[in-house]
Amino acid sequence: MKVIIIGNGLAGTMAAKTVRELDSQSEILIFAEERHHYYPRPNLIEYIAGKLPYERIFAFSEGWQTRQKIDIELENPVRKILPKSKEVELAGTRRESYDKLLIANGASSFVPPIQGAGQRGVFSLRTLDDAQAILEGLQSGRRVAVIGGGLLGLEIARAIRARGAEVEVVEFFDRLLPRQLDGQGAALLRSQIESLGIAIRLGVATEEILGNGDIQGLKLKGGDEVKAGMVVIAAGVRPNLGLPADAGLTTDRGLVVDDRLRTSHPQIFAAGDGIQHRGKVYGIIPASFEQGRTAAYNIIGEDKPYGGTVPSNTLKVVGLDVTSVGLVNPEGSGFEEVRKFNKESGIYKKIVVQDGALVGAIWIGTKKGVNEITRAVTARTKVSQYVNVLLEDSFDFSVL
Ligand SMILES: Cc1cc2nc3c(=O)[nH]c(=O)nc-3n(C[C@H](O)[C@H](O)[C@H](O)COP(=O)(O)OP(=O)(O)OC[C@H]3O[C@@H](n4cnc5c(N)ncnc54)[C@H](O)[C@@H]3O)c2cc1C
């Protein structure tokens, strides 16, 4: 069997690795748009911060693909998918046929229609090439404005600050990490970020990026200005839908797949940031990883359903341990929210319970209990009788 994979990001790479684990005979051919072998994107943050050297960005040692008998063609993007003849079209008139195709072409940075966003000196971060462009832009020690106070925006701000630049983050919402945190958690995070010398402006929209040749700053709605010689936009991502839509595959907010990660065409599967499964577009590592692996099973004919991923993030945002799992800002009735804040230690914990089952949690300032609470939320564990003690540091999770 010949499997073609479009994209060598996390989903494409995990799928190739898994197909090879399950089946030593299949031919695996990856077409990649980027010129680099697979690297985990979070490494770009440490690279920009100067904490990870270039050679250590990559996930696998040199020659890994060859040892795995995975053929990869870098800088050779698929231009067209031809589902009827089971072929993909590449540069020139070259065509390659497949028995099964996996679309793992991911997502791209979203650049909102802000006046001046197309100028030199305005960056976004998705790829290693983007990271290198940002580092080059930083060389002149400019002031930097980051548009977007989500996870990526804050991590970029931290990395740039670590290089000694003055940084200001501008966020449209009235709090940081609006998707992952509640008001109290976001306020804690804000004071931690400000203590690193990063300025934050909340509840403001950027109207224009000022400059003519050289960036001068941001003009905000209402008239205020933020002085900056360089701008990084971190306003989310959008699935790459052009290629599958042109091939006639069903798309919505993402490329639509069923529980076997199959698209609307039976020989074409899809995984990663580009897909929409049961109405959800995830855009996170745990989902792309699981989808890539699960798609591989179905591609080689071993039936394996994918039931979705409970969104969870455990990371050191600007040096503070932050975990957010499941539903953390419930809307409507029927939810119980329990919080605990220890001012001395700076530890904040919150759980969200629905019909006696744990459906969400926030853990800030500690890693203790993070694995256990993540597992319990994922399994929707019943916790009614422990609601009042579950947030104690001494709570014994083995009773759940
Ligand atoms: C700096 C940064 C930090 C992040 N940190 C976290 C984190 O801490 N936690 C977390 O959960 N998530 C994080 N993410 C998100 C995470 O990286 C993504 O969820 C993950 O990379 C998705 O993998 P993917 O393979 O689906 O897509 P992608 O990583 O987007 O890979 C898709 C690949 O397909 C290629 N491609 C596109 N079109 C074609 C074509 N026509 N032909 C061939 N190749 C093509 C693209 O060039 C790309 O290399 C971060 C993202 C960034 C940018």
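This is a predicted model: local features need pLDDT of at least 70, side-chain atom pairs count only at pLDDT 80 or more; totals for chains, interfaces and linings use all residues.
Leu 220 counts as partly exposed, because 16 C-beta neighbours lie inside 10 Å. A residue is called buried at 20 or more such neighbours and exposed at 12 or fewer, so a value in between gives the label partly exposed. Leu 220 belongs to strand 14, which covers residues 215-220. Leaving aside residues up to four places away in sequence, Leu 220 touches Val 204, Ala 205, Thr 206, Glu 207, Glu 225 and Val 226.

The chain as a whole contains 9 helices and 25 strands. Its radius of gyration is 23 Å, close to the 21 Å that the globule rule gives for 400 residues; the chain is therefore as compact as a globular protein of that length. The C-alpha trace spans about 60 × 60 × 40 Å along its principal axes. Of the 400 residues, 40% are buried. Among contacts with a separation of 6 or more, 61% join residues 24 or more positions apart.

Three domains divide the chain. Domain 1 is made of two segments, 2-108 and 237-299. Domain 2 runs over 122-233, and domain 3 over 312-399. The centres of domain 2 and domain 3, taken over C-alpha atoms, are separated by 29 Å. Their contact involves 14 residues from domain 2 and 15 residues from domain 3. On the domain 2 side, helix 5 (151-162) and helix 6 (183-195) each supply at least two residues. Helix 6 gives the most to this side, with 6 residues. By class, the side of domain 2 that touches domain 3 holds 7 nonpolar, 4 polar and 3 charged residues.

Glu 75 is not a glycine, yet its phi is positive, at about 50 degrees. Glu 75 sits in the loop between strand 3 (70-73) and strand 4 (80-82). It counts as exposed because it has 11 C-beta neighbours inside 10 Å, and the cut-off for that label is 12 or fewer. Asp 355, also not a glycine, has a positive phi of about 50 degrees. The place of Asp 355 is the loop between strand 24 (347-354) and strand 25 (357-364). With 11 C-beta neighbours inside 10 Å, Asp 355 therefore counts as exposed.

Notes. Residues are numbered from 1 along each chain as its sequence is written. Domain bounds come from an automatic or database domain assignment. Two residues are in contact if their C-beta atoms, placed from the backbone, lie within 7 Å. Helices (H or I, at least four residues) and strands (E, at least two) are DSSP runs, numbered from the N terminus. Ala, Val, Leu, Ile, Met, Phe, Trp, Tyr, Cys and Pro count as nonpolar, Asp, Glu, Lys and Arg as charged, and the others, Gly among them, as polar. The radius of gyration is taken over C-alpha atoms; the globule rule is 2.2 Å times the number of residues to the power 0.38.
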